[in-house]
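Please look over the sequence and the structure before reading on.

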Amino acid sequence: MTSTLEHETTDAGARPHAAAPKPSRVARWRVATRLARRQVQRTWVSSLLIMTLIALPIAGMAGAAVVVASMWGTSAEKADVELGRMQGWVEPVAVPGAGFWQSPWEPKWSGYPRNADGSETLPEGDIPSNPAAALSAGTETVEITSGQVLLDTTVGVTSAMAWAGDVSDPRFTGRFDLVEGRAPATDAEVLVTPATLARTGTVVGGTITASGQEYTVVGTLDMAQLTDAESALFFRDADRFEGGRWYLPELSLTWPEIQQLNGQGIIAYSRAVVLDPPAFAPPGDDGMWMTTPEEQELTGRWTLVLTLAAAGVAAAYMVVMLAGAAFAVSARRQQRALAVAASVGADTRDLRRIVLLQGTVLGAVGGLAGLAAGVGLAALVMRLTDSGSATQYWGFHLPWEMLLGILVFAVLVGTGAALAPARGVAKADTIQALRGARRPQKLSAARPLWGSLLLVIGVGITIVCGIAAAAVATSQTLGYDSPLRWLPTVGIIVGPIIAQIGIVLSGRWLLWLCSRVLSKLGIAARIASRDAVANGARTVPAFAAIGATVFAGVFALGMGGMITGQIARSYDYVAPVGTAYGTIYSRGPEALTPAQAADAAAAAEKVFRDVGASGTAAVARQQQYWAESEDDIPADRERAVVVTPERSLVDPAQGWSSGSELADPMNNISVIAVGDLETVTGIRLSSDQRRAYEAGAALVTDAGLVTDGTVEVAAWTERDWQYGRAPNNIFRPWPAESGNAGPEPVAPLWSKTLDAFVVSAREQGIGVAIAPSTATDLGLQTVPLVVFGAFAEPPTTDQSDRLNALSTGIATDAYDVSVWIERGPTSADVWLIPLLAGIAVIVLGASAVALGLARFERRPDDATLAAVGGTALLRRNIGFWQGLVIAGFGTFAGAAAGILPPIGFMLQSRTGTDQELFLADIPWWLLAALAVALPLLIAVVNWLVPPRHPDLTRRAAIA
């Protein structure tokens, strides 16, 4: 740059030289850009590090944008999947002449005109069976019907989707695509999906059995909407299933024509209308509830933008901290070059501009690299996760406007990372930098007022808001729309964030306090801790990034642990974990006969044994009747329960959460043979309990039902139960003045007292169990309604799949069985392992960056130590303490701030209900591992990595 200094001669009579012209603003920017680019190229190692830090989150954001955008189908793509090459379809679904309407872009959004009160009255009349009469004469149609069939597989029977009609018509290409073979020529031939061949163990030319009939497989066919793993069949005869759609190969319907078809009870899908839909609102409706495809896509795009913005802010914080540390080191390395620029006329703005433009250049290059990597990563992810369904990824969509925004974001992040180092460079002493003096930095104990103030304010807000939230949660007078109901929750989250910011602002002072303690632990700890304080521009951003990560991780661990514990405490087991459970129910309004229930129970037990159950058991219960009128319930039907003592009844104002079906207070008696108790409940009785049970005592899992070692059994008619004349056996009666008091229950038909003993077993659903002989003595009318299957080991995925397949064959016209396996509450491992892995990766990465920069910047110091006799072990020990200070300080600060929100939410939950959270459910050992073990591991690894051989040729100018 040209000097701006003015020089004047001192000779008498001489004219002064004219002042040198100042360079233009454009010239200054041009020179600063050239210097920034050359500096980026010269320090390519640190530049590559900064570019990588910027590119990684950009790649993730770009990849997510592409993957999500590829899940949004365009109107043309959706029409191709729906129609293939056809022009549309029609389907009769409504009563003609009743004002039926449909949406132009989604025919299933349809209905009849609404009444004045907003309700919809279904008109009486017949739905057309064929739309041909509503179409113009000579219109070509291809009828396709669909339904389900029972398909025999290699392990049992499963339900499979099926289509019938001329699906091999080449005009269906894009919806139905022939993969191998030919179209069926007779009704005894069938096409299947490739997955069906593997599942049935057959090949093209072989046979399969569907719904009891044998068919020859003549080829395979792919349907656009099915995944590669789904089984489906395609028959020739379109009359196989009821209803159907008539596809239109040539006729392109307009919107007025579709509305005319609606008047005849027919909905229609038209390619032309879908690609250019008209404005539409349902009759008599403002249409606000019906969003157009454009509005749906806009909503999806804004959701993605907001999600990416939130993720970007978090990533930007990490990148600005770590890249800022790298820029700080790079800026110190170029102090002499910047001082030379200052000596020839560059002012402080020019120096700042040079460093800032380095960040801009690296942000742009890192952003471009990240975009390219993100697009490639998205393509790989889509390829690996593609299920084969055309509706999973409609195409490879590049949202250019979002990708451009992400690139601009990368440039801003790179520029922001260089902001603090640029300000520091502008304040540097030019003469000192030119002389090359390397005087030690003074360790300052100045305490930052704002940082300390924010730290105290953040902790105070969290505690105050936690207590306030607890008071608000139990308030009966505060309105539900009052801001006071959500402001404390906001404070519980915002308070710790403010505290975390306070820790960052106070970082150098806190490191100074730490160095006062560590200085007493030896020369290695003293050098490492003082180096951290002296180079706060490098160490504070590093531990701030680590602290932010650990803060989020500890917050998630704490809340996740408490919520998981709360869910586990309130989870209602129906059986011991790993036990198969089948509920028998009638398929019609009539109750099951004892013979029907016994047949269903025997069939279910056989299925359990076929799958590998080591033991099975059937539980008999009293059937409940659901009838439209009282006269439909037999007058002689009665139902007995173990009566809940008055002391155990629940206050009706508090509500009641239902538990297991078998512990229903209005049908809480299960009849179980003594030998089946362990299979059903997992409880092994003592010899005394076994004798008592066989002698007529009741096994009870809720101590609140037992009074002085007995329970009361009473019966009311089924009519009384269904029409409110029996006690609900749950709540205390409402006070008369409340206005909620119902009719007084009638007296029971009979009441008896049974001996009882209480057992404690968490993983089971039985309320009260009695022996079959006891049920006979009481005159209970029971049938088998529940079947259990115990396994020696938890059922595998294959066993579970086989159980689901075989259970479909149990159903008859009279009964069916719903089968599942008790898995217990969701394990915390589902979210815990990925969370810990993510935290560890980020902390290790941030530590590696910070410690790598520290090693790089300490090379002259290492040379000095070696020159005065410092051993390699001493330099290793310094590396150990550097790792412990940076990683340990960051994890400890993050953990201290991160545990505050869980404590606040724990205080908020103190409402006296079963939704309370407990600090004991937090995995404290994991928090200790994050705060203590992880930094120790990082420090040990840093010690194990040997320091570089010192360069003893380095010399520094003596100031």
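**Overall make-up**

The model is predicted. The protein has 959 residues, and 45% of them count as buried. Its secondary structure comes to 28 helices and 22 strands. Among contacts with a separation of 6 or more, 82% are between residues 24 or more positions apart.

**Nonpolar cores**

In soluble globular proteins, nonpolar side chains tend to be buried together. The largest nonpolar core here holds 44 residues. Those that touch the most other members are Ile-672, Leu-677, Leu-685, Tyr-693, Leu-699, Phe-788 and Leu-803. H18 gives the most, with 7 residues. Another core, of 31 residues, lies apart from the largest one. Ala-69, Met-382, Ala-417 and Val-849 are among its members.

**Two helix pairs**

Two packed helices are described by the angle between their axes and the distance between the axes. The table gives both values for two pairs.

| Helix pair | Angle | Distance between axes |
|---|---|---|
| H18 and H23 | about 150° | 10 Å |
| H14 (487-505) and H26 (872-898) | about 155° | 9 Å |

Angles over 145 degrees count as roughly antiparallel. H18 and H23, at about 150°, are therefore roughly antiparallel to each other. H14 and H26 pack at about 155°, which makes H14 roughly antiparallel to H26.

H18 passes H23 in a right-handed crossing. On the H18 side, the residues that meet H23 are Val-607, Phe-608, Asp-610 and Val-611. On the H23 side, they are Gln-799, Arg-802, Leu-803, Leu-806 and Ser-807. The residues of this contact divide into 5 nonpolar, 2 polar and 2 charged. Leu-803 of H23 meets H18 here, and Leu-803 is also one of the residues that touch the most other members of the largest core.

What is the handedness of the crossing in which H14 passes H26? The crossing is right-handed. H14 makes the contact through Pro-496, Gln-500 and Ile-503, and H26 through Ala-893, Gly-894 and Ala-897. The residues of the contact of H14 with H26 divide into 4 nonpolar and 2 polar, with no charged residues.

Terms used. Residues numbered from 1 in each chain as written. Predicted model: local features only at pLDDT ≥ 70, side-chain atom pairs only at ≥ 80, totals over all residues. Heavy atoms only, no water. Core = buried A, V, L, I, M, F, W, Y, C linked by side-chain atoms within 4.5 Å. Buried < 20%, exposed > 50% of the residue type's maximum accessible area, 1.4 Å probe, protein only. Helix = DSSP H or I, 4+ residues; strand = E, 2+ residues; numbered from the N terminus. Axes fitted to C-alpha atoms, helices over the stretch in contact; angles between N-to-C directions. Parallel < 35°, antiparallel > 145°, perpendicular 65-115°, else oblique. Left-handed = near helix turned anticlockwise from the far one by under 90°. Contact = heavy atoms within 4.5 Å. Nonpolar A, V, L, I, M, F, W, Y, C, P; charged D, E, K, R; others polar.
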